[in-house]
Amino acid sequence: MAEELFSAAVRRSTEGRHRDAEQAVFLGQLVTGALPLAGYAAMVAQHHHIYSVLEEAAAVMRDDPVAGPFVHDGLTRLPALEADLRELDGAGLPPSPATQRYTQRLRDVCFTWPGGFVAHHYTRYLGDLSGGQYIAAAVRRHYTTSATSFYAFDGIGSPAAFKARYRSALDAAPWDQEERRRIVDEVLVAYQLNIDVLTDLGREHAAGQAA
Ligand code: HEM
């Protein structure tokens, strides 16, 4: 049997955690329009805290021979998040406890470990280019057509082609089996941190739910 590509292994090894993220109560209520607009604003505020650190790391890692090829100006989300937050009147909302753990983890691994940076980069940006587009359509339908620039990737060409190139870059990176295992483990951590952020958001904003 042909050896499994790394991009396929990452996806396969993390699909259970992806399903848990996708099924977060908060996201379910967001896409059906059951949340108050303040719930959406709170999510954008958490994203703002998270991408501030992730994109600070990207600025450092863009010169790294292994992580650098994953960094792309067209992915940068911080200016869009700032614009969306201004419009939603959400600037200044503090990070939740889960967001603080997430940003601490980003600080711990993304500035010095190229594979760890790629694990976190992959989890957010490939998600934003996939399920994120579905979330955006629902938010535009139920809440706001304008404060969704976070989901509009204008500088990368076709999202499907971009994701295919991204997966090829994962397959081409010079990581041995041990490093690949560590990266998959870090993607699992990244998913869990996202689930925790969504759980905090659900506790605060989802109707009739503990999480
Ligand atoms: C409503 C919630 C969500 C839906 C409906 C959804 C749906 C999807 C779909 C259909 C794909 C496959 C796209 C493709 O093959 O091109 C995908 C991929 C992905 N999603 Fe989600 N997703 C959701 C939430 C999330 C969350 C919260 C995260 C993590 C922050 C996430 C991270 C990812 C990643 C990293 C991929 C790429 C997997 C790969 O091909 O390697 N998703 N999502």
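Which residues does H48 touch, not counting residues up to four places away in sequence? H48 touches L78, L81, E82 and L85, where contact means heavy atoms within 4.5 Å. The place of H48 is in helix α3, residues 37–61, helices being DSSP runs (H or I, at least four residues) that are numbered from the N terminus, as are strands (E, at least two). With a relative accessibility of 18%, H48 counts as buried; on this scale, buried means under 20% relative accessible area, exposed over 50%, and partly exposed in between, with a 1.4 Å probe and protein chains only.

The model is predicted, so that local features need pLDDT of at least 70 and side-chain atom pairs count only at pLDDT 80 or more, whereas totals for chains, interfaces and linings use all residues. Residues are numbered from 1 along each chain as its sequence is written, and side-chain values use heavy atoms, with hydrogens and water left out.

**Iron site**

The iron atom of the ligand has a single donor from the protein, the NE2 atom of H18, at 2.1 Å, and H18 is found in helix α1, residues 6–22. Donors are N, O and S atoms within 2.8 Å of the metal (3.2 Å for Na, K and Ca), and because water is not among the atoms, sites may look incomplete.

**Packing of α2 and α7**

Two packed helices are described by the angle between their axes and the distance between the axes. Helix α2 (residues 25–32) and helix α7 (residues 131–142) pack at an angle of about 50°, with their axes 7 Å apart; the axes are lines fitted to C-alpha atoms, for helices over the stretch in contact, and angles run from 0 to 180 degrees between N-to-C directions. The two helices are therefore oblique to each other, given that angles under 35 degrees count as roughly parallel, over 145 as roughly antiparallel, 65 to 115 as roughly perpendicular and the rest as oblique. On the α2 side the contact is made by L27, L30, V31 and T32, and on the α7 side by Y134, I135, A138, V139, R141 and H142. By class, this contact has seven nonpolar, two polar and one charged residues, where Ala, Val, Leu, Ile, Met, Phe, Trp, Tyr, Cys and Pro count as nonpolar, Asp, Glu, Lys and Arg as charged, and the others, Gly among them, as polar.

**Salt bridges**

The structure holds nine salt bridges, each a side-chain nitrogen of Lys or Arg within 4 Å of a carboxyl oxygen of Asp or Glu. The table includes some of them.

| Pair | N to O distance |
|---|---|
| E4 and R12 | 2.7 Å |
| R105 and E186 | 2.7 Å |
| R182 and E179 | 2.9 Å |

R105 lies in helix α5 (residues 97–109) and E186 in helix α9 (residues 177–205), so the pair ties together parts that are 81 residues apart in sequence. R105 is partly exposed at 29% relative accessibility, whereas E186 is buried at 3%. R182 and E179, by contrast, both lie in helix α9, three residues apart, about one turn of the helix; R182 is partly exposed at 39% and E179 is buried at 14%. In the remaining pair of the table, E4 is partly exposed at 35%, and R12 is partly exposed at 47%.

**A positive phi**

Most residues other than glycine have a negative phi. The phi of D89, however, is near 60°, a positive value in a residue other than glycine. D89 is found in the loop between α4 (78–88) and α5, and D89 is exposed, with a relative accessible area of 71%.
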